[in-house]
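Subject: Structure handover

Hello,

Here is the structure I said I would pass on. Please open it next to this message, and read my notes with it in view.

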Amino acid sequence: MTPDLDLTSVPAWAVEPTCPTADLTGRQYTVLAIGAEAADIAARWTAQISAERPGTQPRVHLIADAAEACRALDADLADALVGWRLLLAGPAHACLRVRARALELGAADDEITVASTEVATREIYCAHCRTTTTAPVDLTEEISCPGCARRLFVYYHVSRRLGAHLGFATAADPAPARSGRV
C-alpha cells in the first residue's frame, strides 16, 4: 500500500516536476538555477520580480551542481536581510540538498520556493552504513548500497537535515558465523 504523499516528508516537487511562480512577498532575492534546464525558470522568476518590484535586483546564480549552489547560498545568506527569499530551480535531488543547507543556515520553509526540473534521480541515505548514493530510482524500489552492499528499500521519507531519501534493508542481516564453541 502506498501512502498519501501529502502525509509524508517527501515534498510534492520531489515527485513531479513543478514550476511555481516566484514568491513576490520578499524584499531581497537569491535565485539559484542548477543545470541548463533551470536557466529558463530563473529568467522567468527574475522577470516576475522585476515587474512586481521595480528596482529590486535579485542575485541570480546559474550553477552546475548542488555543491556550487550551496557555496553561493552561503555567500548570499551572509548578508541577507529580513524579507529574503530563496528561489531554487533544478533537479529535485540537488534542490533537496540545497534546501537542507538553507534550513541549516536558518532559512524557513516559507522563504523557499522550489521548481524541480527532474525527479527520476534521488539521493538515498543508507540507515545502516550512512553512505549516500545518487541513483535513478523510484520510491519503493530497491538499490544496492555501495557502502555496505545491502539491498536498500527507498522509503517515503526525506531528511530535512540531509536532503536525502531514507534507504533501509528489508531483509535481515545474515546470522554471524558460530565459532563451534558452546
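Of the 182 residues of the protein, 43% count as buried. Please keep in mind that this is a predicted model. The protein exposes about 9,800 Å², and carbon and sulfur atoms supply 53% of that area. Along its principal axes, the C-alpha trace spans about 80 × 35 × 30 Å.

The protein has three helices and nine strands. Among the contacts in the protein with a separation of 6 or more, 64% are between residues 24 or more positions apart. As for charge, there are 17 positive and 22 negative charges, and their mean positions are 9 Å apart.

Domains

The domain assignment gives two parts: domain 1 covers 17-118 and domain 2 covers 121-168. Their C-alpha centres lie 26 Å apart. Eight residues from domain 1 and ten residues from domain 2 make up the contact. The size of an interface is often given as the accessible area lost when the parts come together. Here, domain 1 and domain 2 bury about 780 Å² between them, with 46% of it on carbon and sulfur atoms. Which residues of domain 1 lose the most area to domain 2? They are His93, Leu96 and Ala100, which together account for 54% of what the domain 1 side buries.

Arg99 is found in helix 3, which runs over residues 92-104. Is Arg99 buried or exposed? Its relative accessible area is 10%, and buried means under 20%, so Arg99 counts as buried. Leaving out residues up to four places away in sequence, Arg99 touches Pro11, Trp13, Leu88, Asp109, Ile112 and Arg160.

Ala12 lies in the segment before strand 1 (28-34). With a relative accessible area of 56%, Ala12 is exposed, because the cut-off for that class is over 50%. Ala12 and Ser116 are 104 residues apart in sequence, but their C-alpha atoms are 9.6 Å apart in space.

Leu152 is found in strand 8 (residues 151-159). Leu152 is buried, with a relative accessible area of 1%. What does Leu152 touch, not counting residues up to four places away in sequence? The list is Ile124, Cys126, His128, Glu141, Glu142, Ile143, Cys145, Gly167, Phe168 and Ala169. One of these, His128, is 24 residues from Leu152 in sequence and 9.4 Å from it in space, C-alpha to C-alpha.

Phe168, which Leu152 touches, is found in strand 9 (residues 164-169). Phe168 and Ala135 are 33 residues apart along the chain, and 15 Å separates their C-alpha atoms.

Two loop residues with positive phi

Thr140 is not a glycine, yet it has a positive phi of about 75°. Where is Thr140 found? It is in the loop between strand 6 (132-136) and strand 7 (142-144). Thr140 is partly exposed, with a relative accessible area of 37%.

Ala149 also has a positive phi, near 70°, and is a residue other than glycine. Ala149 lies in the loop between strand 7 and strand 8. Its relative accessible area is 59%, and exposed means over 50%, so Ala149 counts as exposed.

Regards

Technical notes:
Residues are numbered from 1 along each chain as its sequence is written. This is a predicted model: local features need pLDDT of at least 70, side-chain atom pairs count only at pLDDT 80 or more; totals for chains, interfaces and linings use all residues. Side-chain values use heavy atoms; hydrogens and water are left out. Helices (H or I, at least four residues) and strands (E, at least two) are DSSP runs, numbered from the N terminus. Buried means under 20% relative accessible area, exposed over 50%, partly exposed in between (1.4 Å probe, protein chains only). Contact means heavy atoms within 4.5 Å. Accessible areas come from the Shrake-Rupley method with a 1.4 Å probe; for residues, only the protein chains shown count as cover. Lys and Arg count as positive and Asp and Glu as negative; His and the chain ends are not counted. The place of a charge is taken as NZ of Lys, CZ of Arg, CG of Asp or CD of Glu. Domain bounds come from an automatic or database domain assignment. Buried area is the accessible area (1.4 Å probe) that two parts lose on being put together, summed over both.
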